[in-house]
Amino acid sequence: AVRGWTESSGAELVELARSFDEVGVAALIVTEIGRDGTMDGPDLDQLAAVLEATLLPVIASGGVGSLDDVRSLVALGDRVRPLAGVIVGRALYEGRFSVEEAVACLQRG
């Protein structure tokens, strides 16, 4: 989606991710816009599809609301390959967990 997620680009996510492999993109931030800010959990299937489609580092965004969500994203690395990062903005802002707790969760896996 483009223009503040108000218009569809017409592109399919996995194909778009593949297209960035050879053009010098450093990483992809993959945001499930339907879940962004909801804290209802990330779209693990979508993230797995992107991780399988490209070798670029992938940063997950959208839906993270608990440490269990962070653990699920860590476990995704066991199934496909590890994520390069996770954006957890609203969950931190609303005090669902601290940065220290999230980092500890990542270190334990």
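Q: In which helix is leucine 92 found?
A: To place a residue, look for the element whose residue range includes its number. In this predicted model, leucine 92 belongs to helix α4, residues 89-93.

Q: Is leucine 92 buried, partly exposed or exposed?
A: Relative accessibility decides this: under 20% is buried and over 50% is exposed, with partly exposed in between. Leucine 92 has 32%, so the label is partly exposed.

Q: Where does glycine 65 lie?
A: Some residues sit between elements. Glycine 65 is in the loop that runs from β2 (58-61) to α3 (67-79). Its relative accessibility is 3%, and therefore glycine 65 counts as buried.

Q: Which residues does glycine 65 touch?
A: Leaving out residues up to four places away in sequence, glycine 65 touches Met39, Ala91, Arg96 and Phe97. Methionine 39 is 26 residues away along the chain, yet the two C-alpha atoms are separated by 3.9 Å.

Q: What share of the contacts in the chain with a separation of 6 or more comes from residues 24 or more positions apart?
A: Such pairs account for 72% of those contacts.

Q: How many helices and strands does the chain have?
A: There are five helices and three strands. Read from the N terminus, the order is α-β-α-β-α-β-α-α.

Q: What percentage of the residues of the chain count as buried?
A: Of its 109 residues, 34% are buried. The chain exposes about 6500 Å², with 51% of that supplied by carbon and sulfur atoms.

Definitions and conventions. Residues numbered from 1 in each chain as written. Predicted model: local features only at pLDDT ≥ 70, side-chain atom pairs only at ≥ 80, totals over all residues. Heavy atoms only, no water. Helix = DSSP H or I, 4+ residues; strand = E, 2+ residues; numbered from the N terminus. Buried < 20%, exposed > 50% of the residue type's maximum accessible area, 1.4 Å probe, protein only. Contact = heavy atoms within 4.5 Å. Areas by Shrake-Rupley, 256 points an atom, 1.4 Å probe, with all protein chains shown as cover.
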